[in-house]
Amino acid sequence: MEPWNSFEGKVVMVTLTTAPNITYRAAAVELDVAGDGKAIKLAVEKAWECFGHVDALVNNAGVRGGTKTSLHLSEEEWDEVVRTNLTGAWLVSKYVGIRMVRAFQQGCIINISSVAGLSRTYSQGCLAYGSSKTGLNSMTKVMALELGKHNIRVNSISPDIFQSEITESLMKKKWLQNVATRTLPLQRFLIPDPALTSLVRYLIHDSSKYVTGNIFIVDAGATLPGLSIFSSL
C-alpha cells in the first residue's frame with residue numbers, strides 16, 4: 001500500500017461547493033469563497049480553531065459559469081467566476097498561510113485548477129473560466145516561491161472533464177463515450193476516486209515534501225494533441 005494512503009493526524013481543510021459525504025472526523029464551517037476578505041479570514045480562523053491547526057488546504061470550490069463569447073459575457077458573470085475561482089482561492093490560501101507561518105508549521109496548499117487554464121488547449125465560451133484557472137496556476141507558482149522558505153508547499157491539479165454530480169447525465173451519453181474512445185489516449189474519462197483523490201493524498205503526505213510549484217495534469221491524455229476534445233465533434 002502506498003504510504004500516502006494514510007496520513008493519520010493531519011488536518012485537511014477543503015473548500016467545497018456542495019456538502020460532502022464525510023467518512024472522517026470533520027467540522028463544517030460555512031465559507032463563501034466569493035465573499036469579502038474579512039468574512040473569509042473569520043471562517044479560516046474558525047476552521048483553524050476547530051482542530052488547533054491545519055496541515056493542508058485544498059482549494060476545490062469553483063464555478064464554471066456560462067458559455068457566452070467574450071463579446072457577450074457580462075461584467076457580472078465575469079466577476080462571479082473570477083471572484084470564486086481565483087480571488088477566493090487566493091484569500092483562503094492567504095489566511096491559511098498566515099496562520100501556518102505564525103505557528104512555525106509546515107504545510108501544503110493544493111489548488112484544483114483545470115485543463116482550461118493550460119496553454120495546451122482553448123475552448124470558445126470559456127473566457128472567464130479559462131482566465132481564472134490560468135491565473136490560479138500562476139498564483140500556485142508565485143506562492144510556491146514565496147512560501148517555500150516557510151516549508152509550505154503549493155501545487156495545482158488540472159483535471160479534464162470527470163464524473164461528478166454536475167456531469168452525471170452528460171457522462172451517460174453514448175456519443176460522449178464515443179468521443180473518449182476516439183480522442184483520448186487512455187480512451188476513458190476520469191473517475192475522481194482514484195484519479196484525483198490519490199494525487200491529492202500524495203501531495204498532502206510527507207512523501208511529497210520536495211514537490212512544490214507544479215501543475216499536475218490529470219486528463220487521460222486529452223490535451224496531448226493540443227485540441228479541446230469538443231473540437232472533434
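Me: By class, how many nonpolar, polar and charged residues does the lining of the largest cavity have?

Reply: Five nonpolar, five polar and one charged. Ala, Val, Leu, Ile, Met, Phe, Trp, Tyr, Cys and Pro count as nonpolar, Asp, Glu, Lys and Arg as charged, and the others, Gly among them, as polar. This is a predicted model: local features need pLDDT of at least 70, side-chain atom pairs count only at pLDDT 80 or more, and totals for chains, interfaces and linings use all residues. Residues are numbered from 1 along each chain as its sequence is written, and side-chain values use heavy atoms, without hydrogens and water.

Me: How many cavities of 30 Å³ or more does a search of the whole structure find?

Reply: Rolling a probe the size of a water molecule over the atoms shows where empty space is left. A cavity is a set of points, on a 1 Å grid over the protein atoms alone, where a 1.4 Å probe fits but cannot get out; lining residues have an atom within 4 Å of a point. The search finds one of 30 Å³ or more. The largest cavity has a volume of about 40 Å³, counted as the space filled by probe spheres set on points joined across faces, edges and corners.

Me: Which element gives the largest share of the lining?

Reply: Helices are DSSP runs (H or I, at least four residues), numbered from the N terminus. Helix 2 gives four residues, the largest share. T84, in helix 2, is among the lining residues.

Me: Is T84 buried or exposed?

Reply: Buried means under 20% relative accessible area, exposed over 50%, partly exposed in between (1.4 Å probe, protein chains only). T84 is buried, at 9%.

Methods. On a 1 Å grid over the protein atoms alone, a cavity is a set of points where a 1.4 Å probe fits but cannot get out, and a pocket is an open set with protein on both sides within 12 Å along at least five of seven lines; lining residues have an atom within 4 Å of a point. Helices (H or I, at least four residues) and strands (E, at least two) are DSSP runs, numbered from the N terminus.
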